[in-house]
Structures are given as C-alpha cells and as structure tokens.
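Trainee: I would like to work through this structure step by step. Please take my questions in order.

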Amino acid sequence: MISFVRFILLVLFLSSPFLLKAQVVDQEVHRVVFQITKGEAADQEQAVGQLNNILKALPNAEIEVICHGKALPLLLEAESQVKDGIVDLLTRGVVFAACENTMRRAKASKEDLISGVITVPSALAEIILKQEQGWAYIKAGN
C-alpha cells in the first residue's frame, strides 16, 4: 500500500509542471477592457481575483480596467481595500483608469489615486472607443 501511495505521489510530482502549464489558454495578445462599477470590499476583491484569473489563462493580455461610479474607491489610495492587489497588477502591465466625471462628483483629485493609476475624461466613452478598436469587453462582478 505504501508503495502504491509513493507511486501516485511520484506521478503527481512529475506531472505538476504540465498541470501548471495547463492553466494557460494561449500566449496570444488579447486586448480586454474591463469595466468596474461596484465598490464594496467584496466587489473589489472579486475584481482583483478576476483580473488575476485572466492573466493566468492569457498571460500576454493587454488589460485596461475602467472604474467609475461606486467603483472609484477601488483606486483611491485612502479607500482601496485591495491596494496591494492593484499595485501588483499595475506592475504586471494592467492599466487602471479612473473616470474624471466620477472624480469630479466625488471631489477626488489625481493625487488621491493609487500611484500609477491614470484618468480618462469619460469612462463610458473610453469603453466605446476600446470596443470600436476591437477590444473584448468584460463587466466585473456576478
């Protein structure tokens, strides 16, 4: 019995590089615009998880995350519940963009944003432009 368990463990150990590689769907460049409109802590964590899942499956994806409305706290230095996750994704090439219309309504400035976050004049206009350029569209959440 112990030999059988050892054999199974050996097979699993030897196949682990293949199992890890199986998570990658392909190496092509995919362009994705990712819209976030909710800002509760659970929504923030879910969005970061979804972005990490995309990068696992499509490691060469170009991703621009557009935050507006109630999602603005996700990108605010003082309010983000997932700042470390955002910073990690920024270092991996994900672009995070805050809507300037939303920022005006919230009386937030560019200095309030996590370092590395950009702004766009209008979240919806940015999404329209990206889709017209052929970017895939994803709305975060359930």
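**Order of elements**

Mentor: From the N terminus on, the elements of the protein follow the order α-β-α-β-α-β-α-β-α-β. The model is a predicted one.

Trainee: What share of the residues counts as buried?

Mentor: A residue is buried when its relative accessible area is under 20%. The protein has 142 residues, and the share of them that counts as buried is 35%.

Trainee: Are H2 and H3 roughly parallel or roughly antiparallel?

Mentor: Two packed helices are described by the angle between their axes and the distance between the axes. Helix H2 covers residues 41-57 and helix H3 covers residues 83-91; their axes come within 10 Å and cross at roughly 25°. Angles under 35 degrees count as roughly parallel, so H2 and H3 are roughly parallel.

Trainee: Which residues make the contact, and how do they divide by type?

Mentor: H2 contributes Val 48, Leu 51, Asn 52 and Leu 55, while H3 contributes Gly 85, Ile 86, Asp 88 and Leu 89. By type, the residues of this contact are 5 nonpolar, 2 polar and 1 charged.

Trainee: Is Phe 96 buried or exposed?

Mentor: Phe 96 lies in strand E3, residues 95-99. Residues it touches, beyond those up to four places away in sequence, include Leu 51, Ile 86 and Leu 89; these three also take part in the contact between H2 and H3. The relative accessibility of Phe 96 is 0%, which is under 20% and therefore counts as buried.

Trainee: What is the distance between the C-alpha atoms of Phe 96 and Ile 118?

Mentor: Ile 118 is also among the residues that Phe 96 touches. The two are 22 residues apart along the chain, and their C-alpha atoms are separated by 6.2 Å.

Trainee: What is the phi of Lys 107?

Mentor: Most residues other than glycine have a negative phi. Lys 107 sits in the loop between helix H4 (100-106) and strand E4 (118-120), and it is exposed, with a relative accessible area of 74%. Although Lys 107 is not a glycine, its phi is positive, at about 55°.

Notes:
Residues are numbered from 1 along each chain as its sequence is written. This is a predicted model: local features need pLDDT of at least 70, side-chain atom pairs count only at pLDDT 80 or more; totals for chains, interfaces and linings use all residues. Side-chain values use heavy atoms; hydrogens and water are left out. Axes are lines fitted to C-alpha atoms, for helices over the stretch in contact, and angles run from 0 to 180 degrees between N-to-C directions. Helices (H or I, at least four residues) and strands (E, at least two) are DSSP runs, numbered from the N terminus. Angles under 35 degrees count as roughly parallel, over 145 as roughly antiparallel, 65 to 115 as roughly perpendicular and the rest as oblique. Contact means heavy atoms within 4.5 Å. Ala, Val, Leu, Ile, Met, Phe, Trp, Tyr, Cys and Pro count as nonpolar, Asp, Glu, Lys and Arg as charged, and the others, Gly among them, as polar. Buried means under 20% relative accessible area, exposed over 50%, partly exposed in between (1.4 Å probe, protein chains only).
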